[in-house]
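User: I'd like to learn how to read a protein model. Could we go through it feature by feature?

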Amino acid sequence: MTEPLGLRERKKQKTRQTIFEAALHLFLTRGFDEVSIVEIAEAAEVSKRTLFTYFPTKEDLVLHVFADHEDESARVVRARPAGTPPLDALHAHELDALARRDPVTGLTSDPEAVAFARLLSTTASLSERLMRYAGRSIDALARALEESGADELTARLAAVQVVTTLRVLADRNSEQVQAGRPADEVYPEAVAAADQAFRLLGSGLAAALPA
């Protein structure tokens, strides 16, 4: 069981969320590049110094939501049942996320999530920063695969392919939703695409990755 958060930590989380929500509202209303740090601090009713304590850059204000997902694939691999191949566990996790309309998959019709995805895809500095998150996801997954028994090179090559594949699938889903199609309508295509992607990954990686 996880320990309950102390009062101090709860206050910090509340402040972080307040700043994020204020910033996101401004970004979605006016555009990322048109909003200053000073304006965000004023909207969140915190000092500029406090804002920088939580978010060192404007990009961090947006992309911190991905931090919890950086090692998600690695956690899936580590938590899989004994005897379950890593790719099978990752495939099942992706299908479950699609069924739940998890925004990370790009398959959501939530207006704010769709606007958020559009902000990411149309802001160059945010797109560039996302690459760093992808790099850390690759590192985490490669370590998990090595722990499973894969050699270093195989683990690294597999991690690159898996993380890139998941990003491509999410971008594909997001593009469809941003074009005006409901997530429920896109869902069967998203499932078929995920099945095809993991089938292709499996044809090249399954024999190389230990169960």
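This is a predicted model: local features need pLDDT of at least 70, side-chain atom pairs count only at pLDDT 80 or more; totals for chains, interfaces and linings use all residues.

User: How do I read which way the residues of a helix point?

Analyst: Think in turns. An α-helix has 3.6 residues a turn, so residues three or four places apart point the same way. Now look at burial, which here means under 20% relative accessible area.

User: Which residues in α6 are buried?

Analyst: The buried ones are Pro-86, Leu-87, Ala-89, Leu-90, His-91, Glu-94, Ala-97 and Leu-98.

User: What happens just after α6?

Analyst: Check the backbone there. Arg-101 takes a positive phi of about 55°.

User: Next, salt bridges. How do I spot one?

Analyst: Look for a side-chain nitrogen of Lys or Arg within 4 Å of a carboxyl oxygen of Asp or Glu.

User: How many salt bridges does that rule give?

Analyst: The count comes to 14. One of them joins Glu-147 and Arg-78, with the closest N and O atoms 2.7 Å apart. This pair links distant parts of the chain. Glu-147 sits in helix α8 (residues 124-147), Arg-78 in helix α5 (residues 72-79), and they are 69 residues apart.

User: What about Glu-39?

Analyst: Glu-39 pairs with Arg-30, and their closest N and O atoms are 3.1 Å apart. Glu-39 is partly exposed, with a relative accessible area of 28%. Arg-30 is also partly exposed, at 38%.

User: Which residues are linked in a network of salt bridges?

Analyst: Glu-59, Asp-60 and Arg-129 form such a network.

User: Last topic. How do I describe two helices that pack together?

Analyst: Take the angle and the distance between their axes. Helix α7 (residues 111-122) and α8 pack at about 90°, with axes 5 Å apart. Angles of 65 to 115 degrees count as roughly perpendicular, and α7 and α8 are therefore roughly perpendicular to each other.

User: Which residues make the contact?

Analyst: From α7 come Leu-119, Leu-120, Ser-121 and Thr-122. From α8 come Ala-124, Leu-126, Ser-127 and Leu-130.

User: How do the residues of that contact divide by type?

Analyst: Five are nonpolar, three are polar and none is charged.

Definitions and conventions
Residues are numbered from 1 along each chain as its sequence is written. Side-chain values use heavy atoms; hydrogens and water are left out. Buried means under 20% relative accessible area, exposed over 50%, partly exposed in between (1.4 Å probe, protein chains only). Helices (H or I, at least four residues) and strands (E, at least two) are DSSP runs, numbered from the N terminus. Axes are lines fitted to C-alpha atoms, for helices over the stretch in contact, and angles run from 0 to 180 degrees between N-to-C directions. Angles under 35 degrees count as roughly parallel, over 145 as roughly antiparallel, 65 to 115 as roughly perpendicular and the rest as oblique. Contact means heavy atoms within 4.5 Å. Ala, Val, Leu, Ile, Met, Phe, Trp, Tyr, Cys and Pro count as nonpolar, Asp, Glu, Lys and Arg as charged, and the others, Gly among them, as polar.
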